[in-house]
Amino acid sequence: MRIELPDPSLVVLIGASGSGKSTFARRHFLPTETVSSDVCRGLVADDENDQAASEDAFAVLRYIAERRLAQPRLTVVDATNVQRESRKPLLELARRHDLFAVAVVLDPPASVCHERNALRPDRDFGRHVVGRQRAQLERSMKRLRKEGFHRVFTLRTPEEVDACEIVRTPLWTDRRTETGPFDVVGDVHGCFDELVLLLRELGYAVDPGARTAVPPEGRRAIFVGDLVDRGPASPAVLALAMSMTEAGHALCVPGNHDEKLARKLGGRNVRIAHGLAETLEQLAGESAAFRERAREFLAGLVSHVVLDGGELVVAHAGMKQAYQGRSSSRVRDFALYGETTGGTDELGLPIRLDWAADYRGSATVVYGHTPVADPVWVNRTINIDTGCVFGGRLTALRWPERELVSVPAARTWAEPARPLGETYAPSGHGTDGEAASAGAAATGTTQDGAAPSPASASAGAFATAAVPRSAFALDMADVAGRRIVETRLARNVTVREEQAAAALEVMGRFAIDPRWLIHLPPTMAPPATSRRPDLLEHPDQAFDEYRAAGVAEVVCEEKHMGSRAIVVVCRDADVARERFGITDGSTGTIHTRTGRAFLEDAAATEEALARVRAAVGAAGLWDELDTGWLLLDAEILPWSAKAGDLIRRQYAAVGSAGRAGLGATIATLERVAARGIDVGDLLAAERTRLDHVERYVAAYSRYVGDVAGVEDLRLAPFHLLAAESGVFVDRPHDWHLERCDRLAAADPDWIAPTGRRIVDVADDESRGVAIAWWEELTASGGEGMVVKPRGFLSPTAKGFAQVGIKCRGREYLRIVYGPEYADPGQIDRLRSRGLGRKRSLASREFALGVEALERFVRREPLHRVHECVFAVLALESDPVDPRL
Amino acid sequence: MLLTLTTTHRPATDLGFLLHKHPDRHQRFSVPFGEVHVAYPEATEERCTAALVLDVDPVGLVRRGQGGFALAEYVNDRPYVASSFLAVALVTVFKSAMAGTCRGHEELAATAIPLVAELPAVPARGGERLVRRLFEPLGYAVEVTPVPLDDAHPEWGAAPHVGLRLTATTRLSQLLTHLYVLLPVLDGEKHYWVDDTEIEKLLRRGEGWLGDHPERDLIVRRSLKHQARLVHPALATLAEDDPDPEAGATGDEAIPTQARRTALREHRLEAVQGALKASGARRVLDLGCGPGALLRRLLKDDYDLVVGADVSHRTLEIAHRRLRLDELHEAQRARIALWQTALTYRDRRLQGFDAAALVEVIEHLDADRLGALTANVFGVARPGTVVVTTPNAEYNVRWESLPAGAMRHPDHRFEWTRAEFATWTTAVCAEHGYAVVHHPVGEVDDEVGAPTQMAVFTRAGRSGAAGVGGATGATR
C-alpha cells in the first residue's frame with residue numbers, strides 16, 4: 001500500500017498493544033518525529049508501563065506534539081489511540097494548528113499481538129487487554145473520517161505492514177521551491193482589456209483573440225484572485241487565466257468572487273449580487289463546456305501559495321503568519337475575506353482585525369481584495385488592488401524586484417461603495433464598508449485617471465500614498481523582554497529583559513516619534529590608560545591599539561566640546577511624508593544620543609533644519625547622493641545649549657562649594673600659621689586643592705556659551721551616515737569629512753568644519769605631528785580628539801576594529817573624574833580602568849545603529865528599524881563606568 | 001570642609017578643655033573617608049576659635065560596586081560641603097565634648113557659654129527658610145550668607161549651599177549635637193547606609209529638644225531617609241539630567257500649597273474611583289498607575305480584576321511593595337496585576353477591559369506623541385469606559401506658589417485649558433466612537449474653573465454615560 005502523507009501533518013497511529021506501531025514508526029519516521037506514549041510515561045514516571053502515570057504522560061505527549069505542529073513539523077503519535085476520547089485531543093491539536101491529521105491503523109490478527117506481547121516481559125498484562133483494545137478499534141473504524149481525519153490508511157496483516165510505502169507530499173500551499181521571478185497581478189474583476197495592456201507592459205506576448213499570453217523568459221504571472229464580477233469581460237479574463245495556468249505560465253489563488261461563482265456554477269444557491277449577475281450573463285454566451293471548465297478551475301484553486309523559499313506569500317485578502325502554508329477552513333476563510341473577530345459593530349458591520357498592522361512575519365505578503373488608491377507597504381505586506389473595475393488602475397508587483405507596474409482603467413466599470421482615495425483609518429473598528437478590509441488605507445488625491453500615458457510605472461513602494469498610521473504601530477511585543485537582534489556587523493546582539501525594561505521607560509517618556517528615530521549613535525571607549533605621570537589618556541595608546549588591530553592609517557578628528565546630535569533632514573515635507581510617514585509638515589529631526597528632541601521647540605528645530613537643508617542643497621548632496629533625505633552624525637555647540645542645567649546644577653555647584661570651602665579653610669589656616677603653629681603641609685595641600693578647583697571651574701566654563709536662539713548654535717557634522725542611496729560606513733572618513741567640509745563652506749557662520757590629521761600609525765614622525773596637535777588642542781582646555789580607522793569600518797579576525805577611540809585632554813577630564821583627579825596622590829589610583837566592557841558595548845551599539853539604518857534604507861517595516869534603535873538604548877542602560 | 005567654633009567665655013582658651021584639644025597644637029585624626037585636623041586660628045583670654053578641617057579623599061569616595069555609575073558619584077560637592085561626613089567627623093573627634101563630659105571641668109561643660117559656629121558651605125535643601133526653621137527654634141541667632149554659583153555668571157544666581165553662622169549662649173555639647181543632627185538634615189542625604197540603629201541614634205541625640213521641635217517630622221523623615229538616589233543606577237544613567245522623580249515627594253518648599261495639593265490629589269482619586277464604580281466595570285485598568293495610590297482604592301471596591309500599568313519598572317516595584325502584594329492571600333492576589341507598558345506602544349494585554357483610568361498621565365507625554373497613546377488606548381485597548389484627568393491650566397493662577405506661566409510639575413509637557421481639553425476629547429470621540437462627559441474636580445472657581453478636569457468617555461453602544469459624577473456635577 002502507498003501511504004501519502006501531507007508534510008507537515010499530524011500522523012496518528014492507531015492499534016492495539018502489540019500491533020507493531022513502534023516498529024512501524026521506527027521504520028518510516030525519524031526518532032524525533034515520533035512521540036510515543038510509552039516514552040512519555042518513562043519521562044514522567046521512570047517506567048514506560050506505569051499506567052498510573054498515563055494522564056501526565058499524555059499531557060507531555062500532547063505538549064510535544066503541539067510545539068512540533070507550531071513549528072510546523074510532521075509529527076507521529078505512537079499510542080494505542082483506539083478510543084475516541086484519546087483521539088479527540090489530537091484532532092483538536094491538528095485543527096488548532098491548521099494542519100491535517102492522518103490516521104494509520106495497524107490491525108493485525110489478535111494472535112500476532114499476543115505473540116509480540118509475550119516476547120516483552122514488561123508487558124505482563126492479560127490477553128483480555130488486547131481483546132478489549134481491538135474491540136474498541138473495531139467500533140472506531142467506521143467513524144474515523146467523520147471524526148476529522150483527513151485520510152485513513154488501514155494495514156491488516158504483517159505482510160501489508162511490511163509492504164507499505166510512505167510518500168510525503170508537500171501541502172498544496174507549499175510552493176517554496178518555485179522561485180519565480182513573478183508578476184503578481186491585482187484584482188482584475190473582468191477588466192480584460194486592461195489586463196492585456198498590463199501584461200504587455202510587463203513584457204508578455206498576449207493574443208487577446210485566443211485569450212492566451214506567454215510571459216517573457218523565466219517569468220510567471222500570479223493572479224491574486226477576483227478575476228470575475230463587475231467588469232465587462234469576466235469570461236475572457238477567466239479563459240486567459242486558465243490557459244496561462246494550464247500552460248504553466250501562471251498561478252492563481254481564489255478571490256471571494258471567484259469562490260462564489262464556483263459555487264453558483266456548481267449548482268449551489270448563492271445571492272446574486274456584487275456583480276455576479278453580469279458575470280453570469282456574460283457566461284451565458286460561452287459554451288457549457290467552458291462553464292464546466294471554469295467551475296472546475298475555480299473550485300480547484302488552493303487558498304494561498306507560499307513561494308520562493310518561503311519569502312513570498314500570495315493570498316487574495318492577505319495571510320497572517322500563523323496561517324501561512326497551512327490548510328484549514330479558517331485559513332481559507334482568511335485568504336478569501338481577511339480577518340474579522342466574528343462579531344459585528346454598532347452599525348452591524350463585521351469587526352475587522354488589522355492583520356497587516358500586526359504582521360511581523362519575514363515573508364512578504366502580496367494581496368488584494370480591498371481597493372486602495374495606491375499600494376502601500378505595511379510591515380512587509382502590500383495590497384495591490386488599485387480598483388481597476390472602479391476606474392482606478394490595474395496593478396502588478398514584480399517579484400523579486402518589488403516594482404509596481406500599473407495601467408489605468410479604460411473607464412469606470414462599476415461604482416465603488418465608497419470613493420477610491422477616501423481616507424479610512426484601519427483601526428479595526430466600526431466604519432469600514434463591505435469593500436473595505438482592514439490593513440490598508442488610501443489617503444488624499446491621486447493621479448487616478450489623470451495620467452495620459454497608457455502605463456505608469458512607479459518603482460518605490462511609498463511612491464505617492466500617505467502611509468496609514470497602522471504601518472507604524474509599534475507593539476510592546478516588538479521591544480519588551482529578552483530579545484536577540486540579528487545584525488550584519490555583529491551577528492546576534494542580545495538585549496536582556498531588564499535592559500529592555502529600562503529602555504522602555506526612556507523610550508516611552510522622552511523619545512521622539514519613532515518614525516524619525518532611525519538611528520542612535522554608539523558609545524565610544526577611550527584608549528588604554530596612559531602611563532605618563534600626569535595623564536590618563538594619550539593618543540599613543542590609541543595609535544598602538546589600531547596598529548595591533550592591523551589598521552595602518554587612522555584619522556584624528558578634533559572634538560568640538562559640543563553635544564552629540566543626530567540630524568535627519570528631508571528635502572521637503574513631501575519626502576518626510578513619503579519616506580518617513582510624517583504628516584505634520586515637519587521636515588526632519590535633531591535628536592540626542594538617547595533619542596530625545598535636541599531642541600525643545602519644534603519651530604527652532606525647523607529653523608535649524610532649514611539651515612542644514614540649504615547647506616545640503618548648496619553642497620549639491622541631494623543630487624550627488626540621489627536622495628531626498630540624509631542623516632548626519634554631528635556635534636552641536638556649545639555644550640551648555642543642551643547641558644546648561646547640568647553645568648549649573650552639577651558642575652558650577654561643585655566649583656562654588658570648593659571655592660567657598662577651601663577658601664575659608666586656607667584663610668583660617670593662615671591665621672593658625674600666624675600664631676606660630678606649624679600647619680605648613682596642610683596649608684600647602686589645601687592651596688593645591690583650591691588650584692585644582694579653579695582649573696576645574698575654568699574647564700567647565702569653556703563649554704558655556706550664551707544661546708538665545710538657533711543662530712547662536714553651531715553644527716559640526718563629522719559623519720554623513722546614510723541617505724536613500726545607502727549607509728556609508730564603507731566609505732573612508734575622507735569621504736565623510738570632505739562632504740562635511742562642503743556643508744561648512746556653504747554656511748560658514750553656522751556649520752563648523754572638523755579639524756583632522758591623517759596618521760600612519762607605524763610612522764613616528766606622522767604620529768608626532770598628530771600628538772603635537774592633540775597637545776595643542778588640549779593644553780588650551782580642549783576636549784581632545786577621536787582616533788578612527790581611516791577606512792571607517794575596519795575588519796579584523798573577530799569582527800571589526802573599534803570605530804573610534806576618544807583621547808581626552810587633561811583639563812577636560814576634570815569634569816569627568818572630579819576637580820582634583822590629576823593630583824599625583826589621586827591619578828595613580830584611577831589608572832586601573834576596565835575597558836573591555838565599554839569596548840564590547842561600543843561595537844555592539846555601532847552594529848545595531850548601522851543595522852537600523854540599513855533596514856530603513858531597505859524600506860523594512862518600522863518595527864524592524866525600531867527594534868535596533870531600542871536595543872541601542874537598552875544596552876546603554878548597562879552599568880558601565882561613565883567616566884570612560 | 002571647615003567648621004570653626006568660637007567662644008568669648010572667659011577664659012576663652014577653656015574651649016581647649018571642653019574640646020579636649022590643645023589650643024597650641026595642630027592635631028590630626030584619621031577617619032575612614034579622609035583626615036580631620038584641629039587647630040586654633042585664635043586663642044586668647046578673650047576669644048578663642050577652634051577650627052576643624054575635614055579633608056575628604058575624593059577618590060576614596062568612589063566605592064565601586066556600591067553606588068552605581070552616575071556621574072554625580074565622581075564629580076560632587078561632598079569634599080567641600082558640610083554633610084554627614086562632617087557629622088561623623090564631629091562625633092569622632094569631639095566625642096567627649098558632644099557627650100558633655102569634661103574631666104576636671106564638669107561645671108564648665110554644664111554651663112551655657114557664648115558660642116559661635118561658622119560653616120562656609122552648608123548644603124541647604126529647602127533654602128534659607130529651612131535653615132532658619134531648623135536652628136531658630138533652638139535659640140540660635142542665624143546668619144545665612146548666599147554663595148554665588150559662579151562669579152563669572154551672576155545670572156546663574158546662588159548656589160544650593162550657603163554660608164552659615166550660628167550664635168547662641170548654650171552648652172557646647174548642645175551646639176555640637178544640634179550640628180550633628182541637623183547638618184545632614186539640611187543636606188538631605190547621608191553617606192552611609194541608614195539602618196534601624198539610626199532611629200535609636202536619633203532618639204538619643206535628640207533627647208530633650210527634638211520632641212518639641214516644630215520641624216520634628218521633617219527632621220525625622222530626612223534623618224532616616226534611605227539613599228534613594230543610589231537605588232536604581234541603570235535608570236539614573238539613562239535619565240540624563242532629569243530631576244529625581246522622588247524628590248518631589250519630599251518637597252518641603254511651601255507647606256500650605258502642599259496641603260492643598262494633597263487634598264486635591266485625594267479628591268481627584270475619589271472622583272476617578274467614583275466614575276469607575278459608576279461604569280459598572282468588572283475589570284479595570286489604571287494606566288500610568290505610579291506607586292499605586294488609585295490601585296489601593298480600587299482594591300477596596302468590588303472588581304474581578306484590577307491591573308496597574310506603568311512605564312517605569314522602578315515605580316511598579318514601589319507599587320508592589322506599598323500594596324504589599326507579596327502578603328496577599330491567593331484569592332486577593334489574583335485580583336491584581338502590575339504590568340510594565342508604554343502607552344505609545346500597542347499592548348494586547350490591555351484589551352478586554354471594561355474600564356480604564358488615566359489619572360494625570362497625558363500631560364506627561366509630548367503633544368506629538370499623544371496620538372499614539374490615543375490610538376492605543378481608544379483604538380486598540382478599547383475599554384468600555386475611559387476616565388482621563390489632567391490639570392486645568394486656567395486654574396494655575398490660583399496656586400500662589402506657582403510662578404506665572406509655569407507648569408505644576410517639571411515633567412509636564414503641556415497643561416490644557418478647559419477648551420483645549422474639550423477639543424481633544426471631542427476629536428477622540430469622533431475618531432474612536434466614544435461619547436464624553438466632562439467633570440470639574442476640586443473646588444470650582446467661578447472664573448477659572450476647577451483645578452483638575454476629568455473626562456469620562458463611554459464607548460458608543462454602551463449605556464452608562466449618564467449618572468456618572470454625582471456630586472461633582474456633570475457639564476457637557
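In which loop of chain B is Glu360(B) found? The model is predicted, and in it Glu360(B) sits in the loop of chain B between β11 (355-359) and α15 (370-381). Its backbone has a positive phi, near 50°, although the residue is not glycine.

Arg230(A) belongs to the loop that joins β12 (220-223) to α10 (234-246) in chain A. Around Arg230(A) there are 24 other C-beta atoms within 10 Å, so this residue is buried.

Most residues other than glycine have a negative phi, and most peptide bonds are trans. In chain A, the bond from Asp7(A) to Pro8(A) is cis, with omega near 5°. Pro8(A) lies in the loop between β1 (2-7) and β2 (10-14) of that chain. In chain B, the bond from Arg10(B) to Pro11(B) is cis, with omega near -10°. Pro11(B) is placed in the loop that runs between β1 (2-7) and α1 (15-19) of chain B.

The remaining topic is the contact between the chains. Chain A contributes 60 residues to the contact, and chain B contributes 61 residues. On the side of chain B that touches chain A, 34 residues are nonpolar, 17 are polar and 10 are charged.

Methods. Residues numbered from 1 in each chain as written. Chains lettered and ligands numbered in written order. Predicted model: local features only at pLDDT ≥ 70, side-chain atom pairs only at ≥ 80, totals over all residues. Contact = placed C-beta atoms within 7 Å. Nonpolar A, V, L, I, M, F, W, Y, C, P; charged D, E, K, R; others polar. Helix = DSSP H or I, 4+ residues; strand = E, 2+ residues; numbered from the N terminus. Buried ≥ 20, exposed ≤ 12 C-beta atoms within 10 Å, placed from the backbone.
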